[in-house]
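Morning, everyone. Let me put the structure up, and then I'll walk you through it.

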Amino acid sequence: MIRRFFLPAVTLLTAVVFIGRLISLQLLNSSYKLLSDGNAVIENSIYPERGYIYDRNQKLLVSNQPVYDLMAIPENIAVFDTLEFSKILGASKAELKEKIKLARTFSVKLPSIIVGKISRERNAVIQEKIWKYPGFFLQKNSVRNYPISLASNLLGYVSEVTKNDMKKDNYYHLGELIGRQGIEEYYEHFLRGKKGKKFYQKDRFNRIIGSYEDGKYDVPMEGAQNLYLTIDRELQQYGEELFQNKRGGIVAIEPKTGEVLSLVSAPSYDPSILIGRKRSENYRKLALDTLAKPLFDRSLQAQYAPGSPFKSLNALIALQEGVIDKETSFSCQKGHFYARGMFMGCHCRPGTNNNLRSAIYRSCNTYFANVYRRIVDRAGENIEDGMNIWNEHLKSFGLGNYLGYDLPVGKKGFVPDADYYNHWYKKGGWKSATVVSNAIGQGELLTTPIQMANFTAAIANRGYFIQPHFLKAISTDSLKKVYEKKETSIDSIHFETVIDGMYQVVERGTARIAQIKGIEVCGKTGTVENFMKIEGVKTQMTDHSIFIAFAPKDDPKIAIAVYVENGYWGARWAAPIASLMIEKHLTGNVKRKWLEDRMLNGSLIAEYEKPYSGKPFVINE
Amino acid sequence: MSKSVFFRLDWLLLLVYLALVTFGIVNVYSATFSETSEGLFDLTQAVGKQFFFLIFSLFIGIIILSVNSKFFEQFASLGYFISLLLLLGLFVFGNTVSGATSWYNIGGISFQPSELAKVATALMIASLLSKFQSDIQTPRTLFKIGAYVLFPFFLIVLQPDPGSALVFGAFFFPLFREGLNYSYLIIFLSVLSLFFITLSFPFGVVVGIIILLIFLLYFIFKKLNPKIKIWPFLFFLMISIGFSFSVDYIFDNVFQQRHRDRINIVLGKEVDIQGVGYNINQSKIAIGSGGLKGKGFLEGTQTKGDFVPEQHTDYIFSTIGEEWGFRGGFFLIFLFCLLILRIILQAEKQINKFRRIYSYGIAGLIFIHFFINIGMSLGMVPTIGIPLPFVSYGGSSILAFSIMIFIHLNFDANRLNDW
């Protein structure tokens with residue numbers, strides 16, 4: 001019997017064992033499914049093309065150009081000839097090894113960029129030979145393309161994510177790009193869109209042999225947005241040209257909307273040097289230039305004393321507080337003693353009797369010293385109260401704090417209050433005479449050019465401003481941001497006198513050079529003393545030339561602030577530049593070629609080199 | 001003799017056979033599928049060749065069915081002789097593929113005589129044993145049979161294709177059925193288990209295990225039969241230890257590294273899944289990822305990605321497991337069981353000794369292929385490169401196994417006639 005049933009029994013036993021094995025492999029153990037997926041499925045990220053950036057008139061500022069990235073999935077890399085491969089790639093062997101090591105620490109299963117931004121020509125060579133190197137593949141990518149070199153600091157740039165970026169936001173993988181500085185950083189989410197995933201079926205040589213399950217698991221990428229900035233390309237370009245060989249900034253705002261028409265910071269750099277293989281080298285050069293500081297956005301980050309333009313604000317505060325009226329007058333003797341032995345000079349002829357209007361167009365220091373002392377002494381119950389009232393008024397103009405605009409950098413500036421002086425002079429240790437420098441925009445006050453332009457816009461609007469901003473629209477129209485009017489603490493009736501004074505500045509005052517035929521320009525010059533430390537010694541430098549203006553007087557279309565570092569008096573550089581910008585913006589072309597030429601050709605390089613010459617030098621010459 | 005053989009055919013067995021070959025074609029198609037596949041009639045494609053051989057096999061099958069059963073008994077010696085000649089001829093005219101000279105190449109179509117040698121040997125053994133004067137108990141007969149099995153065995157080993165040679169062990173089953181002494185079964189099983197014990201444990205431990213087992217056996221037998229002597233056990237002990245030692249020796253010195261690797265993987269001693277364990281691991285992944293329902297025809301990612309080497313031939317079961325899931329694997333195992341058991345059942349009914357031994361022989365052959373091939377795909381048996389009958393890609397294989405089945409069908413249909 002055993003003989004007869006031996007083979008049948010063995011057969012059945014085998015079948016039972018096999019089925020048992022099948023049950024354990026196929027039904028009870030789910031890890032094989034994962035293993036098989038890991039084997040056969042390759043996950044690639046697909047990136048939407050980064051959004052373009054246009055100006056307010058749909059003119060292109062930033063677009064893209066194709067490059068190729070060499071990617072690798074570390075666990076799939078086989079032993080290969082590193083020397084040969086590095087030759088093909090045009091990278092050093094050490095660099096290649098280092099990158100692979102880095103990729104491995106990031107993830108052995110996910111692709112990382114090994115060599116980025118490979119040109120089209122080299123891509124063709126690599127494409128042919130890449131089959132020899134399992135685990136590597138090429139991925140088309142794009143880098144920024146700049147049709148014209150413009151507004152580098154405003155636009156920002158794009159570069160590879162760092163370890164830190166990846167830690168902060170796990171959206172990013174090694175070798176991916178992220179916007180840095182300016183618009184690129186602030187609107188990163190709009191510009192980059194959202195990457196998608198594509199799953200491919202691969203064979204055992206990691207060759208892609210088709211999409212996995214007909215793309216059932218693919219995650220579509222979400223389209224990147226094109227941005228339409230408030231910037232006017234023509235005006236921006238013009239401003240940058242006017243600023244060649246000078247340092248400083250221009251901020252031009254459309255008062256009714258708060259839209260920033262141009263934001264010039266000089267010196268600047270060509271944004272196209274920050275793309276491609278030489279990016280880091282060029283970036284280092286820019287970052288190490290501690291003298292010209294091309295990466296420092298002066299229009300947003302530089303804090304200067306506001307100077308004489310600030311007199312307009314003091315006038316407004318005094319009117320609002322009722323400590324003067326528009327006919328209040330003070331006489332000036334080429335200046336005045338504001339305390340025993342303390343004289344504040346002025347450009348007025350001896351015996352000049354100024355009312356508010358003439359004080360503005362003559363920029364009379366004496367007048368505003370008196371006005372400021374009245375504010376501090378009389379506006380409140382005591383001097384501290386008066387100081388704080390003054391402080392509050394200024395804050396309503398957006399001074400002393402961030403403006404909240406849509407760029408990642410900025411400075412608060414500074415507006416002192418009673419506590420500040422109590423700290424320095426002890427309580428009761430200071431009087432209005434002590435802080436009188438504030439009257440003429442010197443002293444402790446600090447403002448950034450964009451803050452200056454903003455309060456100019458508030459004056460132009462007769463009492464309110466709209467948060468300055470840079471984004472006008474995005475491509476899908478989904479941007480529904482409404483910027484509210486921010487009322488200043490000054491009643492609108494008080495503005496006309498001050499505006500009339502500012503009009504007279506241009507008509508007959510310190511900035512007659514800013515006159516434009518057929519346009520009523522209101523402005524205020526400034527000449528700001530400044531100091532720098534040279535070998536530890538505080539040294540006075542040539543004054544900064546500044547100017548604020550808006551035009552046309554009755555229906556302001558542009559409010560502008562111009563700072564020219566070490567440009568000496570306001571009407572010398574800043575006023576002409578502001579005037580040309582206004583003319584350009586309002587009329588479209590500039591008729592005053594002689595002025596334009598003077599500004600374009602004028603250079604302050606010699607001035608900037610003085611402190612580094614090692615020789616004694618003369619300022620304000 | 002009644003009208004036609006076709007009325008006496010076992011249609012169930014034929015149906016199982018057709019189901020297996022169809023399932024085979026489907027899976028070979030999937031395992032070799034590429035976007036450029038032309039389909040069944042493209043002779044440059046694996047599946048086209050397979051289909052051609054299948055049609056050819058069916059044609060041969062019809063001829064076989066219509067031949068008088070006695071022919072095969074008379075033809076056995078000649079057939080065996082021819083197949084030996086073909087095997088010998090390989091040393092002169094053979095074509096070498098991946099190290100083994102196992103093929104004739106005739107006009108672009110490869111032919112593997114070792115496949116045909118299986119059926120020829122089955123006929124030969126049956127013929128020998130059914131001879132009037134043969135007695136399986138006598139050493140003379142045993143020696144003769146052994147020699148007839150070992151001739152093709154060694155010729156195939158020399159190709160070298162030890163896997164194909166190993167399946168000749170299948171003739172143990174008909175011999176045992178025909179009355180081979182039980183001691184051979186014990187030896188057969190002891191050798192097998194000693195082999196694996198020796199390789200699984202260090203020599204010292206193995207000796208300990210053997211001593212323990214044999215004394216245990218001795219005391220059990222002593223209880224049953226107090227008269228039993230100790231010396232046969234001691235003899236057995238010596239033999240076992242000697243065998244174990246020689247296995248170690250053979251394993252380390254005679255086997256090649258790849259053979260050692262294959263065995264070690266099954267024993268779980270080496271788990272280098274990128275190296276030698278790759279095939280088995282990938283096969284297990286393919287089967288395991290199939291789940292209950294499988295990924296569907298042409299949807300197997302392991303299969304499409306060519307992760308499992310030799311997937312259309314030796315590892316065809318991994319395609320089935322992956323694309324048809326547990327249901328497909330179960331179905332296939334069920335078909336094989338049905339096939340083997342039905343052949344055995346019909347063999348037992350045979351009055352003619354030659355036909356009974358033949359049928360039993362091919363049942364054993366099919367079983368050994370089934371056992372080794374699927375066991376290997378499931379990672380339970382060392383990698384031995386032999387096809388899954390009727391299913392794997394391979395013209396010679398499908399032809400040889402078809403001939404086996406059709407001869408059996410002929411014998412079964414003519415069970416009550418002309419004997």
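Start in E3(B), where B:Ile109 is the bridge partner of B:Ile106. A word on conventions: this is a predicted model, where local features need pLDDT of at least 70, side-chain atom pairs count only at pLDDT 80 or more, and totals for chains, interfaces and linings use all residues. Residues are numbered from 1 along each chain as its sequence is written, while chains are lettered from A and ligands numbered from 1 in the order in which they are written.

Helices (H or I, at least four residues) and strands (E, at least two) are DSSP runs, numbered from the N terminus. Two strands pair if DSSP finds at least two bridges between them.

Now the sheet. It is open, has three strands in the order E1-E2-E3 (chain B), and pairs antiparallel. Strand E1 (95-97) and strand E3 (109-111) of chain B are the edges, each pairing on one side only. On average, neighbouring strands here are turned by 50° against each other, direction ignored. For that angle, axes are lines fitted to C-alpha atoms, for helices over the stretch in contact, and angles run from 0 to 180 degrees between N-to-C directions.

Take the two pairings in turn. E1(B) and E2(B) run antiparallel over three bridges. Within E2(B), B:Thr101 stands opposite B:Thr96. Their hairpin has two residues between the strands, and B:Ser98 takes a positive phi near 40° there.

Strand E2 (residues 100-106) of chain B also pairs with E3(B), antiparallel, over three bridges. Here B:Tyr104 faces B:Phe111 in E3(B). Again there is a hairpin with two residues between the strands, and B:Gly107 in the turn has a positive phi of about 55°.

**Where the chains meet**

How many residues of chain B are in contact with chain A? The count is 36, against 29 residues of chain A. Contact means that the C-beta atoms, placed from the backbone, lie within 7 Å.

On the chain B side, the elements giving two or more residues are helix H8 (172-177), helix H13 (278-288), helix H14 (301-304), helix H15 (316-349) and helix H16 (353-377). H15(B) gives the most, with 11 residues. By type, this side of chain B has 20 nonpolar, 11 polar and five charged residues.

**The cores**

A nonpolar core is a set of buried Ala, Val, Leu, Ile, Met, Phe, Trp, Tyr and Cys residues joined through C-beta atoms within 7 Å. Buried means 20 or more other C-beta atoms within 10 Å of a residue's own; exposed means 12 or fewer; partly exposed is in between; C-beta atoms are placed from the backbone.

The largest core has 131 residues, and A:Ala549, A:Ile560, A:Val562, A:Ile577 and A:Ala578 touch the most other members. Helix H18 (residues 449-460) of chain A gives the most to this core, with eight residues. At least three residues come from each of domain 1 (42-229) and domain 2 (233-286 + 300-612) of chain A; those bounds come from an automatic or database domain assignment. A second, separate core of 103 residues includes B:Leu90, B:Leu123, B:Phe173 and B:Ile316.

Back to A:Ala549. Leaving out residues up to four places away in sequence, its contacts include A:Ala514, A:Val521, A:Ile560 and A:Ile582.

Most residues other than glycine have a negative phi, and most peptide bonds are trans. Here are some exceptions.

A cis peptide bond joins A:Ala266 and A:Pro267, with omega about 0°. A:Pro267 sits in the loop between strand E12 (259-266) and helix H11 (279-288). The bond from A:Ala551 to A:Pro552 is also cis, omega near -15°.

A:Gln58, not a glycine, has a positive phi of about 60°. Buried or exposed? A:Gln58 is exposed, because 10 other C-beta atoms lie within 10 Å. A:Asn245 has a positive phi too, near 65°. With 14 other C-beta atoms within 10 Å, A:Asn245 is partly exposed.

Notes:
Contact = placed C-beta atoms within 7 Å. Nonpolar A, V, L, I, M, F, W, Y, C, P; charged D, E, K, R; others polar.
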